[in-house]
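Biologist: Before I plan around this protein, I would like to go through it with you one point at a time. Could you show me the sequence and the model?

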Amino acid sequence: IRKYVAIVSLEQRQCYKDDFNAEYEEYRNLHSVIDKTTKKFRQFQEQWKSLTPGSEAYQVKKDKTMKAVLHHHSSV
């Protein structure tokens, strides 16, 4: 199944190129946001490894993490 038809003219090629360029910056920005969020979750995961589930320190870390995630999500 083909999503795109064969390019048969310079005008058609330019249209495809313009569409790609118009969307590419948004893609890069979204990719950057996802990458930063993934890194934060990896950091949280590493920090949680040293905590005992159910402990006060674990709960404090969980609450801070949730606040950070919710704050980040609301600013995106």
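Biologist: In which helix does Glu 26 lie, and is Glu 26 buried, partly exposed or exposed?

Modeller: This is a predicted model, in which local features need pLDDT of at least 70 and side-chain atom pairs count only at pLDDT 80 or more, while totals for chains, interfaces and linings use all residues. Residues are numbered from 1 along each chain as its sequence is written, and side-chain values use heavy atoms, with hydrogens and water left out. Glu 26 lies in helix H1, residues 10-48, where helices (H or I, at least four residues) and strands (E, at least two) are DSSP runs numbered from the N terminus. Buried means under 20% relative accessible area, exposed over 50% and partly exposed in between, with a 1.4 Å probe and protein chains only, so Glu 26 at 45% counts as partly exposed.

Biologist: Which residues gather with Glu 26 in a patch of negative charge on the surface?

Modeller: A patch is made of residues with over 30% relative accessible area and no salt bridge, with like charges joined within 9 Å and nonpolar side chains (Val, Leu, Ile, Met, Phe, Trp, Tyr) within 5 Å. Lys and Arg count as positive and Asp and Glu as negative, while His and the chain ends are not counted, and the place of a charge is taken as NZ of Lys, CZ of Arg, CG of Asp or CD of Glu. The residues that gather with Glu 26 in this surface patch are Asp 18, Asp 19 and Glu 23.

Biologist: Which residues form the nonpolar patch on the surface, and what is their accessible area together?

Modeller: Accessible areas come from the Shrake-Rupley method with a 1.4 Å probe, and for residues only the protein chains shown count as cover. One of the members, Phe 20, lies in helix H1. The patch consists of Phe 20, Tyr 24 and Tyr 27, whose accessible area together is about 340 Å².

Biologist: How many salt bridges does a search of the whole structure find, and what is the N to O distance between Lys 39 and Asp 35?

Modeller: A salt bridge is a side-chain nitrogen of Lys or Arg within 4 Å of a carboxyl oxygen of Asp or Glu, and a search of the whole structure finds two. Lys 39 and Asp 35 are four residues apart in helix H1, and therefore separated by about one helical turn. Lys 39 is partly exposed at 46%, and Asp 35 is partly exposed at 33%. Their side chains meet in a salt bridge with an N to O distance of 3.4 Å.

Biologist: With which residue does Lys 49 form a salt bridge?

Modeller: Side chains of opposite charge can pair when their charged atoms come close. Lys 49 counts as exposed, at 60% relative accessibility. The closest N and O atoms are 3.0 Å apart, and the partner of Lys 49 is Glu 46.

Biologist: Which residues are in contact with Thr 65, leaving aside its neighbours within four places in sequence?

Modeller: Thr 65 has its place in helix H2, residues 56-75, and counts as buried at 6% relative accessibility. Taking contact as heavy atoms within 4.5 Å, and leaving aside those neighbours, Thr 65 touches Phe 44 and Trp 48.

Biologist: What separates the C-alpha atoms of Gln 47 and Lys 61?

Modeller: Gln 47 lies in helix H1 and is partly exposed, at 35% relative accessibility. Gln 47 and Lys 61 are 14 residues apart along the chain, and their C-alpha atoms are separated by 8.6 Å.
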